[in-house]
Amino acid sequence: MMLGAYLAYSLIGRFGAGPLGYWGGVLLAALAVGALGVLLERTLLRRLYGAPELLQLIATFGVVLLIKDAALAVWGAEDLLGPRAPGLGGAIAIFGQPVPQYDLLLIVLAPIVLAAMWVALSRTRWGLLVRAATEDREMTAALGVNPSWLFSGVFFVGALLAGLAGALQLPREPANLNMDLTIIADVFVVTVVGGLGSIRGAFVAALIIGIVRALCIGIGDVALFGSVVSFAKLTLVAEFVVMAVVLVARPWGLYGQPPGPSAIAEQRDLQVPPGRRFAIAAALLMAALAAAPLLVDEYALVLGADMLIFALFAVSLHFIMGPGGMASFGHAAYFGLGAYAAALATRSMPMELALIVAPLAAGIGALVFGWFCVRLSGVYLAMLTLAFAQITWATVYQWDALTGGSNGLVGVWPAVWLSSRVAYYWLTLAIAGGAIALLWRVVFAPFGYALRAVRDSPQRAAAIGIDVRAVRWAGFVLAGLAAGLAGSLYAFSKGSISPDSLSIPRSIDALVMVLLGGLQTLFGPVVGAALLAWLQDTLARHTEYWRAMLGAAILVLVLLFPQGIVGALGAAARALRQRGIGKRAAAA
Amino acid sequence: MTQPLLAIRGIAKAFGGVQALAGVSFDVGAGERVAVIGPNGAGKTTLFNVLDGQLAPDRGSAVLAGRALIGLSSQAIARLGVGRTFQVTATFASMTVRENVQVALLAQRGQTYALLSPLRARLADEAQSLLKQVGIDSLSERAAATLAYGDLKRLELAVALAGTPRLLLMDEPTAGLAPPERARLMRQVSDLARLAGSAVLFTEHDMDVVFAHADRIVVLNRGRVIAIGAPSAVRANPEVRNVYLGSGRDPEARDA
Ligand SMILES: Nc1ncnc2c1ncn2[C@@H]1O[C@H](COP(=O)(O)OP(=O)(O)OP(=O)(O)O)[C@@H](O)[C@H]1O
Ligand SMILES: [Mg+2]
């Protein structure tokens, strides 16, 4: 979609802004994006069809990073406002309000595209096959249809429409590098409200949310109980309320069907409580990390503290994703809530106390958001978590008075006795290490087993008397608390905090760490966190295009280790042991 | 008869146009073994899902020892002492056999939210003795996902017995097993239920098993009870013969 806007900008620039040049540019841009979609699908995503769904998503994020930097390289970092559509620059008065002609065109165009999509999916053989193939890929293949090209076709149409949307948006909003993320949350909210897999639902949902937003902006400032309430600033809250109401009444959206099994790979390996060897290794690692300040310079210590903080963050996400089976795509919300709460709390209390209070704020956030999220599962849940994170981000971004808006808050320093790099590193090590150990303990305590029981078979769990939702909710809150703790440690380590700390990229970082390390392993998230922190740091120092490099690195790792690095190592170790046993047996 | 343990009255449930249950009523006495039989799609599984709170019926009531079950959640019903096994076995695949039983025991005792002490030793002996009762104690360290089908059914039985239920709902406990193993498993079920004083409501396609282990039989067809009574009476019922075979053959002769 972002590419659509950029390409349209260039093509229109090349063809001139006459009617032919303009609309030709828009169409060509859409086609080019569609073609690129197919190219990506056939070269890359294809290889991942056997892999867990989440991994496919991670790979897609890798691609997004690559494209983003490519756009940066070609078009630069400036916002690019497109030319107006020829002949549609004016406005028409409707009910005394001027409405831009271009907007009217879009209003007409949207239902047409929609209707075309609907006809294609429900009335043509292609549509029938696509629907069959999404239900059961093997079955369709057995019927003699090549699902491979079918999926390429789907990708083409999807990318084409996204490109078209981007190109059409150009005259209204400048092409910029953040288009991808601002739009994605909206798309997710609309999809979740409308119901996954329902075109009609998406349209109705988009309409409802659009109307609610327009109402909020239209109402503007209203004097309420003696104080002025700006409804215009409440658009996000309104969107949230709409979503909440819909999901409570209809958990699968307005027109959605209950989803199939969860989005997490059906990994049902036996999970064994870590034995003494694991404990000894962890203790040795802690000791080595504690001794690190004697060996390395201050810069490395800062990086080390970052790694520890991210390790806690990743472990907290792993806690709900692995044992809990709930993929959160918006885990940064709790990280950020913790960070902001810490920054705000230090104004009125000592830092040590703030460090205790701040995670509670994140916990409260998780309590509220979790109440909605645990009702859903799989992709729905993931999308809802992302939407909540985006809402939190936007609130922080817009609430200038409290949060400092886009500038964030500065002067968040630790207490004096912790102000040296070494002291703060040790504090981080103690707290993050301790919290990780506690979380791991919970995994193998009755509560962790209950969480896993609910993941493995919700039906069976309920039948033995486990309150499925309550257990999931409690797990969600625990993970939120831990992420909040990581966030508050982060705030004091940096001395400042900005909305970036709860943005979508931060959530994705957490996902990448967990999946890179290995979802089905206990230690994976720690390794993933250290690796990603190190990669980001090194790449950012050495190249301007670190995002692209990171995207490429992620893609390579995902292709090489679909089970994550620690998962792959574990499998290799098992294979070696087996060979050893085989040899011994042969020798005997 | 004194007050029944479970009184089912007028339960109805439709899925779209399909009337899966059309007003089902019968009783189960304490410690009684009642078989629900009927052709595929008769509504047996639907009835079980209504009784254990997974489905809300359109109409009707079910009262367990004075407590209304309809409207309660599955977990609440489980805590009232209703154990369940599923037609398609449902166990916790990422756990060992013993852990499966331990989790069930913990849930029954409201210890689900213990956060820090390891599960390992908790109730392990009790779990082990349950596994011994169903005859798979030698497999307790195995991953549940690796069990043979018959052992999986036994594990389900152990899990369902974990709360010493007053009522055991068993949906096709022996489906998918070879005939000799069916008889063996069902004998175990009968013995264990008698030992624990549990009533058993079970569905079964194997008529040998039904006639050998049911005190009473309820015959469902298209969501309706068409016959109810002692095995010998049900066997002689012409309508049952008709539904089952379309001819006059003895339902006992039918083998799944
Ligand atoms: N969730 C559902 N949605 C729609 N229809 C359903 C659903 N569950 C059951 N049915 C229908 O209700 C009827 C009764 O099904 P049920 O599973 O209770 O039968 P059953 O007696 O258990 O059959 P079987 O012997 O095959 O297990 C069937 O016609 C079935 O198709
Ligand atoms: Mg059934």
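Okay, let's start with Gln87(B): its relative accessible area is 32%, so it counts as partly exposed. Keep in mind that this is a predicted model. Now, what coordinates the magnesium ion, ligand 2? Gln87(B) does, through OE1, together with Thr45(B) through OG1, at 1.9 to 2.2 Å. Thr45(B) sits in helix 1 of chain B, residues 44–51, while Gln87(B) is in the loop between strand 6 (82–85) and helix 3 (97–108) of that chain, so the pair ties together parts that are 42 residues apart in sequence. Thr45(B) is partly exposed too, at 26% relative accessibility.

Okay, on to ligand 1. Thr45(B) turns up again here, with a polar side-chain atom 2.7 Å from an oxygen atom of ligand 1. Lys44(B) has a side-chain N or O atom 2.8 Å from a ligand 1 oxygen. Then there's His205(B), where a polar side-chain atom lies 3.0 Å from an oxygen of ligand 1. How much of ligand 1 does the protein cover? On its own, ligand 1 has 630 Å² of accessible area, and the protein covers 61% of that.

As for the shell, strand 2 (18–28) and helix 1 of chain B are the elements that give two or more residues to it. Helix 1 gives the most, with three residues. In total, 13 residues surround ligand 1, and the closest are Asn40(B), Gly41(B), Lys44(B), Thr45(B) and Thr46(B). If you sort that shell by class, you get seven polar, four nonpolar and two charged residues.

So, the one to look at on your screens is Thr45(B): it coordinates the magnesium ion, and its side chain also has that 2.7 Å approach to ligand 1.

Note on methods. Residues numbered from 1 in each chain as written. Chains lettered and ligands numbered in written order. Predicted model: local features only at pLDDT ≥ 70, side-chain atom pairs only at ≥ 80, totals over all residues. Heavy atoms only, no water. Donors = N, O, S within 2.8 Å, 3.2 Å for Na, K, Ca; no water. Helix = DSSP H or I, 4+ residues; strand = E, 2+ residues; numbered from the N terminus. Buried < 20%, exposed > 50% of the residue type's maximum accessible area, 1.4 Å probe, protein only. Near = heavy atom within 4 Å. Polar contact = N/O pair within 3.5 Å; in protein donor to acceptor, adjacent residues only side chain to side chain. Areas by Shrake-Rupley, 256 points an atom, 1.4 Å probe, with all protein chains shown as cover. Nonpolar A, V, L, I, M, F, W, Y, C, P; charged D, E, K, R; others polar.
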